[in-house]
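Reader: I have a model open and want to go through it piece by piece. Can you take some questions?
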Amino acid sequence: SDLERSHGFNVTLREFGCEQCLLSRPDGSSSFIQGDTSVLAAVYGPAEVKVSKEIYDRATLEVVIQTKVGLPSVKERSQEQCVRETCEASLLSSLHPRSSLTLILQVLHNDGSLLSCFLNAACMAFMDAGLPMSCLFCGVTCAIASDGQVITDPTATQEKESRALLTFAIDSTEQKVLMSSTKGSFSVHELQECIAISQMASEKIFQFYRESVQRRYSKTL
Amino acid sequence: MESCLKVKVGAVLLPGDVFTFIKTDTISLTESLKDEKIICGPGLRRNGDDVVVCKSGVLRHKNPNLYWVDSQQRRYVPVKGESVIGIVTTKSGDVFKVDVGGSEQASLSYLAFEGATKRNRPNVQVGDLVYAQFLIANKDMEPELVCIDSSGRANGLGVFGAGGLLFKGSLGLVRRLLTPQNEILKDLEKLYPCELVLGMNGRLWVRAATVQKTLIVANLLESSENMSAQQRRTLFKRVADGNL
């Protein structure tokens with residue numbers, strides 16, 4: 001696009017795929033595919049909550065990440081917190097006090113950009129469940145290679161060879177950063193460049209959300 | 001703002017879409033200034049002078065000024081005035097606790113039945129199905145159900161359920177079945193005579209002449225949600241011909 005060319009950025013994302021309402025038991029479910037990375041998300045809520053976990057004026061959001069093999073470890077716990085903070089910022093949880101919202105993310109295949117794939121699948125699942133949201137959110141991962149080049153939506157090999165990996169959650173109304181998770185060393189200028197690239201990439205992702213939801217509702221129209 | 005909402009009727013909206021009230025600096029000398037009033041239904045919220053969409057779905061409009069977002073949902077949230085099918089879970093003192101599929105159980109007083117007094121208690125057991133209406137349903141209080149209307153008559157509400165089958169569908173399916181003169185029920189009437197109770201919480205109850213016919217009707221209703229009208233008519237025809 002013109003904005004990309006004027007800034008000299010090249011925002012290339014892998015091919016997206018998305019499907020909503022694939023599981024029959026959860027209230028909302030979605031699968032999101034970015035290249036070879038594939039994640040399945042399921043949402044239950046607003047449902048009954050244990051008295052020990054209930055919050056008097058908001059819904060209690062719980063995120064559970066299941067990996068393909070093995071038990072969840074500290075890495076999954078920290079990813080769960082990143083996803084949970086993003087969701088809390090965009091869900092209107094004050095409309096369902098003393099209820100529980102549960103989000104379960106299952107890794108089907110990990111080929112890089114896993115945290116942003118979690119965020120995208122979570123947003124589509126919340127929309128499918130009909131939970132009230134103030135805005136949409138999406139995740140974008142940038143990898144900085146050793147020569148300083150920024151790669152968006154990196155594969156697993158590109159992530160391994162990078163010197164820094166940054167994931168941002170961007171909101172749909174003002175393109176602001178809701179959450180950031182970074183690994184490696186980078187300069188302040190590189191951080192700002194990655195944020196700008198992520199904001200440009202998020203426009204493509206929100207356009208993709210819109211087309212997916214239109215395709216889904218086109219059956220009943 | 002009404003004009004920018006009217007343009008989008010029938011379009012798919014996503015959470016975060018905003019409709020702003022455009023204040024014009026010029027006042028027309030020929031048209032009279034009229035106050036625009038818009039009633040926001042489910043899926044739309046007021047944010048100052050803007051109307052913000054909070055659920056994904058299709059924008060619908062009803063004259064004169066009612067707008068709402070029609071979304072496909074499975075989980076029920078209690079709303080005052082809606083009639084639902086509940087399952088009695090406990091009897092504690094003067095109150096029954098009823099599971100309506102929401103985030104908490106609703107309470108149903110034993111005096112809220114037709115002809116019930118302190119001496120004449122209604123015959124309700126744990127596990128019974130009740131068709132009741134929400135008297136109180138908001139996010140801050142425990143929901144309350146009643147089985148009488150405002151004049152004290154049952155009017156179709158109360159305990160029911162012997163011999164039928166209860167199953168779950170999506171909220172959209174029940175809304176479609178409740179629209180007057182809808183195609184699915186018209187086709188079903190021609191098939192078998194049956195009794196249907198539709199709860200706005202996504203629960204449906206069916207009773208037909210035999211157990212097999214009850215199961216057939218239940219399966220037809222469940223599958224008609226995801227079918228186009230043509231596919232549904234061919235399926236109903238196959239059943240009527242006795243091929244299923």
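This is a predicted model: local features need pLDDT of at least 70, side-chain atom pairs count only at pLDDT 80 or more; totals for chains, interfaces and linings use all residues.

Reader: Start with the records. Which residues of chain A does the UniProt annotation "domain: Exoribonuclease phosphorolytic" cover?

Author: According to UniProt, in an unreviewed entry, that annotation covers residues 13-132 and 136-198 of chain A. Residues 13-132 are 28% helix and 33% strand, with end C-alpha atoms 29 Å apart. For residues 136-198 of chain A the figures are 27% helix and 43% strand, and the end C-alpha atoms lie 15 Å apart.

Reader: And what does UniProt list for residues 41-75 of chain B?

Author: The name there is "domain: Exosome complex exonuclease Rrp40 N-terminal", again from an unreviewed entry. In the model, residues 41-75 of chain B are 0% helix and 54% strand, and the end C-alpha atoms are 18 Å apart.

Reader: Helix H2 of chain A next. What span should its 17 residues have?

Author: At 1.5 Å a residue, helix H2 (residues 74-90) of chain A should span 24 Å. The end C-alpha atoms of H2(A) are 25 Å apart, which agrees.

Reader: Which of its residues are buried?

Author: The buried residues of H2(A) are A:Glu76, A:Gln79, A:Glu80, A:Cys82, A:Val83, A:Thr86, A:Cys87 and A:Ser90. They cover an arc of only 165° around the axis, so they sit on the same side of H2(A).

Reader: What covers them?

Author: The cover for the buried residues of H2(A) includes strands E4 (60-66), E5 (100-109), E6 (137-144), E8 (164-171) and E9 (177-184) of chain A, together with helix H3 (114-129) of that chain.

Reader: On to packing. How many residues are in the largest nonpolar core?

Author: That core has 60 residues. Those with the most contacts inside it are A:Phe32, A:Val83, A:Leu103, A:Leu105, A:Phe118, A:Phe126 and A:Tyr209. H3(A) supplies the largest share of this core, 13 residues.

Reader: What is A:Phe126 in contact with?

Author: Neighbours within four places in sequence aside, A:Phe126 is in contact with A:Val43, A:Leu61, A:Cys87, A:Leu91, A:Leu103, A:Leu131, A:Met133 and A:Phe137. There is also a second, separate core of 28 residues, which includes B:Val88, B:Ala116, B:Val146 and B:Leu157.

Reader: Loops now. Where is A:Leu136, and is it buried or exposed?

Author: A:Leu136 is in the loop between H3 and E6 of chain A. A:Leu136 has a relative accessible area of 3%, so it counts as buried.

Reader: Which residues does A:Leu136 touch?

Author: Not counting residues up to four places away in sequence, A:Leu136 touches A:Cys123, A:Met127, A:Ile170, A:Asp171, A:Ser172, A:Phe206, A:Tyr209, B:Leu14 and B:Pro15. A:Leu136 and A:Met124 are twelve residues apart in sequence, and their C-alpha atoms are 8.9 Å apart.

Reader: There's an aspartate at A:Asp111. Buried or exposed?

Author: Buried, because its relative accessible area of 18% is under the 20% cut-off. A:Asp111 is found in the loop between E5 and H3 of chain A. Leaving aside neighbours within four places in sequence, A:Asp111 is in contact with A:Arg14, A:Asp36, A:Thr37, A:Pro154, A:Thr155 and A:Ala156.

Reader: Last topic. How many disulfides over all chains?

Author: The count is zero. A:Cys21, for one, is in no disulfide, and the nearest cysteine sulfur, that of A:Cys18, is 12 Å away. A:Cys21 is partly exposed, at 42% relative accessible area. B:Cys147 counts as buried, with 1% relative accessibility.

Note on methods
Residues are numbered from 1 along each chain as its sequence is written. Chains are lettered from A and ligands numbered from 1 in the order in which they are written. Side-chain values use heavy atoms; hydrogens and water are left out. Helices (H or I, at least four residues) and strands (E, at least two) are DSSP runs, numbered from the N terminus. The expected span of a helix is 1.5 Å times one less than its number of residues. Buried means under 20% relative accessible area, exposed over 50%, partly exposed in between (1.4 Å probe, protein chains only). The arc is that of the directions from the helix axis to the C-beta atoms. Contact means heavy atoms within 4.5 Å. A disulfide is a pair of cysteine sulfur atoms within 2.5 Å. UniProt positions are given in the numbering used here, feature names are shortened, and annotations may be inferred rather than shown by experiment. A nonpolar core is a set of buried Ala, Val, Leu, Ile, Met, Phe, Trp, Tyr and Cys residues joined through side-chain atoms within 4.5 Å.
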